[in-house]
Amino acid sequence: MLIAKARLIWGIVAGAATLVLVVTGALVILIGGLASTEQSNQDQAESGCVGGTNAIQAGNLGPDGEVPEGSIAGFNTEQIQNARTIVAVGKQSGVPAYGWVIALATAMQESTLRNLNYGDRDSQGLFQQRPVSGWGSVADITNPVKSAQAFYGVASHTGNTGLLDIPGWRKMQVTAAAQAVQRSAFPLAYAQHEDEARALVAALADGVSAADLTATATDVACTIGMAGISTSVVRPIQAGLAVDNDNYGNSGSNWANMHTGNDYSSPCGTPVQAAHGGTIVLESGGSWGWSGRWLVKVQTAPGNLTTWYGHMQSLSVAAGQTVKTGQVIGQVGSEGNSTGCHLHFEVHPHGGGYLQDQVDPAAWLDKNIGKTLETTKQVGGLPGAGQVGASPAAVSGPQVRLAQANIKVSMSSSRYRSDLAKVMKHGPDFVSLNEAQSRSVSDLSVRGYGTYRASSDDYGTRSQALSPVVMWRTDRWVAVDKGTVQLTKPVTGVKNDNRYATWVVLASSDGSGRISVISTHTMTSPAKSAQARKDEAQRGFAKLAGLAQGLQKYGPVLVAGDLNSPYPRNGGDGDPWGPKPLMTKAGMTSSFETLGAPPQGWATHDGGGTIDWLLGSSSTATPTRHATFKLDSDHHGLVGDFNIRGQ
């Protein structure tokens with residue numbers, strides 16, 4: 001039987017490894033080589049990931065650029081072109097080959113691998129995605145690259161649930177995994193295309209085995225950039241080539257506010273490498289002059305993990321270039337506001353700006369080197385979600401209630417639960433708890449509420465990182481991002497007061513927007529202690545202020561916690577090392593400042609101090625009432641209502 005050759009649209013350009021894929025309305029240039037001369041094609045092959053500018057290799061090509069005869073039967077040129085696009089997008093996004101099978105089987109059922117401009121109701125494209133259901137615009141849905149990205153769950157134009165968002169998808173049958181994404185009225189229909197989809201993947205892709213194409217396939221963690229699934233982490237300068245100055249958070253004449261990064265001293269000319277994969281963003285001139293000729297950023301996606309590299313004397317990359325983990329991006333220098341050869345390195349988990357969401361780079365590297373990080377995905381249905389350069393809309397209009405309770409760590413479980421019940425009687429939307437480090441999951445469980453605190457696997461069951469807890473009503477809110485930030489480190493020779501803040505970004509269940517809640521338990525008052533401890537406290541409040549300011553990009557921010565610094569009842573800023581001046585600078589206002597003393601009096605502690613605070617972002621969260629209530633704990637409970645406005 002004669003089998004028609006399916007001619008490809010892959011062209012070999014000028015003898016180089018540059019492949020051009022033309023898709024309906026889209027031109028994607030895919031570079032087979034790596035962008036930096038510091039890396040080789042062998043590195044790429046061994047990593048199992050794509051490098052350079054989204055490199056994809058063509059598989060099973062004949063000498064004339066065609067699929068060999070006998071390898072694919074029953075598919076015309078258009079269908080093979082679309083199948084290649086689906087496989088290529090999966091490959092460059094780090095999706096295991098079994099995911100390509102699921103995607104092809106889905107497209108076979110939905111569109112027979114044709115980019116349709118019609119369908120049931122407003123369904124269109126390869127996967128019959130619907131604009132009204134949040135899959136993107138008609139142009140997005142009928143772009144085979146974007147529609148495949150959306151199916152896999154790696155798209156920037158939609159936050160809808162994709163394959164990689166489905167827990168345990170690699171263990172599911174093809175039809176079950178496809179249905180989890182598509183939610184079709186015919187959930188078993190995809191099964192009929194399994195064998196054909198496997199055969200098509202085998203014909204189109206090199207290096208896949210039969211085992212790779214089944215539900216037992218091994219996951220592949222790849223370094224990727226804008227499309228964003230995961231990225232591994234390395235040091236920005238190879239170990240042994242730099243000295244860590246450990247000066248994150250320092251203050252002094254060299255910095256206007258605080259040192260927002262960490263300096264790594266190394267001879268000028270030492271290679272600087274990307275700490276993770278992503279896209280290069282270059283800032284220069286104006287307020288970036290402190291960094292020299294450029295400030296280099298490696299961004300996983302807008303509003304997601306971004307690292308900064310300052311003072312470099314030369315670059316090996318260009319703006320918009322995609323880099324892989326460990327790729328050389330430039331050389332150590334002493335450009336700009338610098339006192340010697342070193343790299344200034346910053347970590348911004350949410351892509352914030354100066355003094356917004358930075359964290360201690362040394363601590364972040366210690367925690368993440370060698371790991372694969374999951375990048376944050378925006379949630380579908382939220383105004384502004386998925387639009388590059390746009391922020392998700394803030395929650396607008398409703399009133400929310402925030403409660404704060406430091407329930408003493410030494411209290412029994414039964415007394416703890418009794419105090420927690422007193423908190424919940426106020427019907428809060430959000431709850432901040434402190435001193436919860438030794439509490440069990442059942443101690444913190446309340447029907448109708450979600451709970452987040454740091455992981456004991458990372459910090460140990462009694463670590464101060466586990467002290468702050470954020471809770472939220474699950475009928476009104478869905479957690480879309482969360483984390484824990486170290487505020488202070490132990491100070492030599494004095495009480496160990498390393499403290500943390502826990503934060504959660506929440507989306508309203510009605511789709512109106514987002515709000516962020518921070519719970520913090522700061523270090524005990526250093527008012528009568530050594531200056532070094534006061535300095536560390538001030539750095540801690542500066543970090544808390546930076547976190548609050550960084551989260552404001554998502555909408556209103558609420559902060560609650562035992563700050564161990566009394567609110568200045570008689571005006572002024574209070575403790576010079578305390579929270580009020582720094583939180584004010586970050587755009588946060590306390591309920592005390594707006595409303596004065598609660599009806600029950602100023603005290604939030606049995607000792608008479610006003611040390612538990614509620615704060616809201618000044619422009620978007622206005623406190624309208626607050627009150628204290630008695631607990632068995634040595635702290636009083638504090639509850640406040642806030643009117644929320646969109647930004």
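Author: Angles under 35 degrees count as roughly parallel, over 145 as roughly antiparallel, 65 to 115 as roughly perpendicular and the rest as oblique. This is a predicted model, where local features need pLDDT of at least 70, side-chain atom pairs need 80 or more, and totals for chains, interfaces and linings use all residues. Numbering starts from 1 along each chain, and side-chain values use heavy atoms, with hydrogens and water left out.

Reader: How are helix 2 and helix 3 oriented to each other?

Author: Helices here are DSSP runs (H or I, at least four residues), numbered from the N terminus. Helix 2 (residues 77–92) packs on helix 3 (residues 97–111) with the axes, lines fitted to C-alpha atoms over the stretch in contact, 9 Å apart. Their angle, on a scale from 0 to 180 degrees between N-to-C directions, is about 150°. The pair is therefore roughly antiparallel.

Reader: Which residues of helix 3 meet helix 2?

Author: Contact means heavy atoms within 4.5 Å. From helix 2 come A83, I86, V87, G90 and K91, and they meet W100, A103, L104 and A107 in helix 3.

Reader: Is helix 6 mostly covered or mostly exposed, and how many of its residues are buried?

Author: Buried means under 20% relative accessible area, with a 1.4 Å probe and protein chains only. The buried residues of helix 6 (residues 174–182), including V174 and A177, pack against helix 3, helix 5 (144–152) and helix 7 (194–204). Helix 6 is mostly covered, and of its nine residues the number buried is seven.

Key: Helix = DSSP H or I, 4+ residues; strand = E, 2+ residues; numbered from the N terminus. Buried < 20%, exposed > 50% of the residue type's maximum accessible area, 1.4 Å probe, protein only.
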